[in-house]
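This report walks through one protein model, from a single contact out to the whole chain. Please keep the sequence and the 3D view at hand.

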Amino acid sequence: MTIRVAAIGTGNVGKHALKQLVTNPAYELTGVWVSSSAKAGKDAGELAGLDVSTGVLATDDLDAILADKPDCVVYTALADNRLPEALEDYRRILAAGVNVVASSAVFLQYPWEVLPAELIEPIATAAEAGGASIFVNGIDPGFANDLLPLALSGTCQQIEQVRCMEIVDYATYDSAAVMFDVMGFGKPIDETPMLLQPGVLTLAWGSVVRQLAAGLGIELDAVTEEHTRVPAPEDFDIAAGHIPAGTTAALRFEVRGMRDGKAAVVLEHVTRLRDDLCPEWPQPAQEGGSYRVVVTGEPSYILDLRLSSPNGDHNHAGLVATAARVVNAIPAVVEAKPGIRTTLDLPLITGKGLYAAG
């Protein structure tokens, strides 16, 4: 039996999710929501970059999407710079009895002790009232720092620390809003971007630290954060735009879950716009970038996750992985109990039904 699904957002992640929804017979696409009037009226196949006509035309009217009563929506619209609007979207969708899988806002991966209750309760209440569930995930926050480290931890006798790292060159990440407005690349070092406002790192990646701690049975004393920025040595260009000399070109930060004065769970990002910047910082396992899980204990592990694709670089592969993670979760989320669901709640999500000969 097919699952009726609508897509909300057709950007960097959304177009890959939409492609999977159009091509996978397990899903029936009921609608596509877009934020741009220029995309409204276009066929879903065109928006997914496919040479097919689906007969499903995009709309910028969320009510029209909900009126078709899909079983689930795949929400990939950018939320980082429009949090109140995104949270209200979730409340409306869940209250209408429609399940949600989403790639943002990332703190909903595991919001408890991360978000204030007044932000969690409207979503939880709407989910209960509508009999629907919501699952937010991806790659980071997502499977690179929940599924993988928790699986490794299950083979240990003792654990001193779990560290999850993203070590990535973002030069080919083509989103000016994320790169400049949110992360602050290309901005003066003395100008504090949205991501680095006090508490925002903990808000964004505290969900990773809190969920890992919950999965490991650790009661944290506190969650702390720190960051370092390094300026560009000269002018250069990236996919999202121009980086003037002296502005931010590399960023390193940690969000730490503390227990008895020690960092028990750590989320670390090492982000460069050129691979020759900050050579003393941790290096990726492959050119361009990789993810790393370091478990210190008995035994200890270092797991490097290298993403690649025949259709693009590591950033392209990461966008596809993020989209596929939430799309492949649809059946489990539709069957889940109402509420905010996490990796700790859901069964193992696999690539069931996806095999195709090369």
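## A contact at N137

The side chains of N137 and R325 are joined by a polar contact of 2.9 Å. A polar contact is a pair of N or O atoms within 3.5 Å; within protein, one must be able to donate a hydrogen and the other to accept it, and residues adjacent in sequence count only if both atoms are side-chain atoms. N137 sits in the loop between β6 (133–136) and α6 (147–153). Helices (H or I, at least four residues) and strands (E, at least two) are DSSP runs, numbered from the N terminus.

N137 has 1% relative accessibility, so it counts as buried. Buried means under 20% relative accessible area, exposed over 50%, and partly exposed in between (1.4 Å probe, protein chains only). Contact means heavy atoms within 4.5 Å. Leaving aside neighbours within four places in sequence, N137 is in contact with residues including A102, S103, Q109, R325, V326 and T343.

The model is predicted: local features need pLDDT of at least 70, side-chain atom pairs count only at pLDDT 80 or more, and totals for chains, interfaces and linings use all residues. Residues are numbered from 1 along each chain as its sequence is written, and side-chain values use heavy atoms, with hydrogens and water left out.

## Helix α9

R325 is one of the buried residues of α9. This helix covers residues 314–327. Its 14 residues reach 20 Å from first C-alpha to last, close to the 20 Å expected at 1.5 Å a residue. The expected span is 1.5 Å times one less than the number of residues.

Twelve of the 14 residues of α9 are buried, so the helix is largely enclosed by the rest of the structure. Among them are H314, N315, L319 and V327. At the start of α9, a side-chain oxygen of D313 comes to within 3.1 Å of the backbone nitrogen of N315.

## Strand β12 and its partners

Strand β12 (residues 262–272) is mostly covered, with ten of its eleven residues buried. Two strands pair if DSSP finds at least two bridges between them. β7 (residues 158–169) runs parallel to β12, joined by eight bridges. Here V168 stands opposite T271 of β12.

β11 (residues 248–259) pairs with β12 in the antiparallel sense, over ten bridges. R252 has V270 in β12 as its bridge partner. β11 and β12 form a hairpin with two residues between them. In the turn, D260 has a positive phi of about 55 degrees.

## Two more sites

D89 lies in helix α4 (residues 83–95). It is buried, with a relative accessible area of 12%. Not counting residues up to four places away in sequence, D89 touches L62, Y75 and R82.

P299 is in the loop between β13 (289–298) and β14 (301–305). It is partly exposed, at 30% relative accessibility. Not counting residues up to four places away in sequence, P299 touches T155, C156 and Q157. P299 and G186 are 113 residues apart in sequence and 42 Å apart in space, C-alpha to C-alpha.

## The whole chain

The protein chain has ten helices and 15 strands. Its radius of gyration is 20 Å, close to the 21 Å that the globule rule gives for 358 residues, so the chain is as compact as a globular protein of that length. The radius is taken over C-alpha atoms; the rule is 2.2 Å times the number of residues to the power 0.38.

Buried residues make up 54% of the 358 residues. Among contacts between residues at least 6 apart in sequence, 72% join residues at least 24 apart.
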